[in-house]
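Visitor: I would like a close look at a single part of this model. Please take me through one surface and what surrounds it.

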There are 2 protein chains.
Amino acid sequence: MSARPTVAHAPLELEHFLPYRLSILSNTVSQAIAADYQQRYELSMTEWRVMAVLGRFEGLSAREVAERTAMDKVAVSRALARLVDAGRVDRATHDGDKRRSVLQLSAAGWAIHDEVAPLAREHERELLEKLNDEEKAWLARILDKLMAP
Amino acid sequence: MSARPTVAHAPLELEHFLPYRLSILSNTVSQAIAADYQQRYELSMTEWRVMAVLGRFEGLSAREVAERTAMDKVAVSRALARLVDAGRVDRATHDGDKRRSVLQLSAAGWAIHDEVAPLAREHERELLEKLNDEEKAWLARILDKLMAP
DNA sequence: AACTTATAGTTTCAGTTGAAACCATTTGCA
DNA sequence: TGCAAATGGTTTCAACTGAAACTATAAGTT
């Protein structure tokens, strides 16, 4: 009889476990970017994400922002409250539906957007620099497939 | 004169922005797995991560667990408190260094581990099912490069 | 040995989070 | 029309989070 357990456990090898690796990579990258604007602009990651979609699509409602950012509506509601309060986002009410808001970046919001966006792009560039063209192409294709419904 | 702004903004196209896509994918996957054990075993994601590394490496200290999980030491300390309290992890004190703990899964901890691990693996399998062998190989290689120091 | 510095781990505090409850408005339908 | 169900958005509450302060032990220095 051995002192080791009779039952063979099969522990996860986290270093090869895809969900785990994705999580580490994603957190590392997101936090590196966030660290760059967090204090500089007094801007949280959720706020920046909201600003980014509003930079791309004007006049969205809060729910649409939530959809596009894949954040939950409470988080969006709070981020918007802070952004509107800080004068970075203008909020109006939808003409035909008084429940819906109509959102867009203010001039101040655009100013910040136009500083943070290149900064984010630069981080992406640095990350992709580690790959050659062939790898970049595969990555894009693979992510498409993994994220497909 | 046009009604559109004179300044050309360059909004991020989030749907093609790598850090954003990674974040969405990672959250989707992690939450799908977590949803599977969260209520069933009264186990948070941080607790499961701690259990997973202890399943793989017996006798680690709390700090070593933090290193391996890429979680911060406060989170690990709290997860361990709950796990020890629930009788899922046994905590002893290191022989030569009374500051360090020596951690391992208890029998009850192993029992849970051995149910959750296959479940996590199954999720990974479902995810990878979307890729063919060539794509899987590229993905592994690409992640290695992206995560290299 | 006495003293400073470093390390392991926990606690505190203030801020953030998500689920559920909530309010207001709109839509569907008898 | 009137009423139930659905929808957009906010608030509440309890849990969770990380930074900084803290305790205890160990290691290095004189």
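Guide: What follows is a walk along the surface near DNA strand D, then on to the contact between the two protein chains. Keep in mind that this is a predicted model.

Start with the make-up of the DNA surface. There are 18 residues around DNA strand D. They divide into 11 charged, 4 polar and 3 nonpolar. Those that come nearest are R63(A), R91(A), R99(A), S101(A) and R78(B).

Now the elements. Three helices each supply at least two residues of this surface: helix 3 (62–69) and helix 4 (73–85) of chain A, and helix 4 (73–85) of chain B. Helix 4 of chain A gives the largest share, 4 residues.

Next, what the protein meets on the DNA side. Take the atoms of DNA strand D within 4 Å of the protein. Sugar or phosphate accounts for 57% of them, and bases for the rest. Individual side chains show both kinds of partner. R63(A) has a polar side-chain atom 2.5 Å from a phosphate oxygen of DNA strand D. K73(A) goes to a base instead: one of its polar side-chain atoms lies 2.9 Å from a base nitrogen. R99(A) also meets a base, with a polar side-chain atom 2.5 Å from a base oxygen.

Stay with R99(A). Its side chain also meets that of D97(A) in a salt bridge, 3.0 Å from N to O. Side chains of opposite charge can pair when their charged atoms come close. D97(A) is buried, because its relative accessible area of 18% is under the 20% cut-off. R99(A) is exposed, because its 75% is over 50%.

S101(B) is placed in strand 2 (residues 101–105) of chain B. S101(B) is buried, at 14% relative accessible area. Beyond its neighbours within four places in sequence, S101(B) is in contact with L60(B), S61(B), A62(B), R91(B) and A92(B).

Move on to where the protein chains meet. Chain A and chain B each bring 58 residues to the contact. Between them they bury about 5,500 Å², of which 65% is on carbon and sulfur atoms. The interface also holds 8 salt bridges and 22 residue pairs in polar contact. On the chain B side, helix 1 (18–41), helix 2 (45–56), helix 3 (62–69), helix 5 (107–128) and helix 6 (133–147) each supply at least two residues. That side divides into 32 nonpolar, 9 polar and 17 charged residues.

E135(A) pairs with R141(B), the closest N and O atoms being 2.8 Å apart. This pair crosses between chains, from helix 6 of chain A to helix 6 of chain B. E135(A) is buried, at 0% relative accessible area, whereas R141(B) is partly exposed at 43%. The side chains of E135(B) and R141(A) meet in a salt bridge too, at 2.8 Å from N to O. E135(B) lies in helix 6 of chain B and R141(A) in helix 6 of chain A, so this pair joins two chains. E135(B) is buried at 0%, and R141(A) is partly exposed at 43%.

One last item belongs to chain A: E122(A), R125(A) and E129(A) are linked in a network of salt bridges.

Technical notes
Residues are numbered from 1 along each chain as its sequence is written. Chains are lettered from A and ligands numbered from 1 in the order in which they are written. This is a predicted model: local features need pLDDT of at least 70, side-chain atom pairs count only at pLDDT 80 or more; totals for chains, interfaces and linings use all residues. Side-chain values use heavy atoms; hydrogens and water are left out. Buried means under 20% relative accessible area, exposed over 50%, partly exposed in between (1.4 Å probe, protein chains only). Contact means heavy atoms within 4.5 Å. A residue is near a molecule or strand if one of its heavy atoms lies within 4 Å of it. A polar contact is a pair of N or O atoms within 3.5 Å; within protein, one must be able to donate a hydrogen and the other to accept it, and residues adjacent in sequence count only if both atoms are side-chain atoms. Ala, Val, Leu, Ile, Met, Phe, Trp, Tyr, Cys and Pro count as nonpolar, Asp, Glu, Lys and Arg as charged, and the others, Gly among them, as polar. Buried area is the accessible area (1.4 Å probe) that two parts lose on being put together, summed over both. A salt bridge is a side-chain nitrogen of Lys or Arg within 4 Å of a carboxyl oxygen of Asp or Glu.
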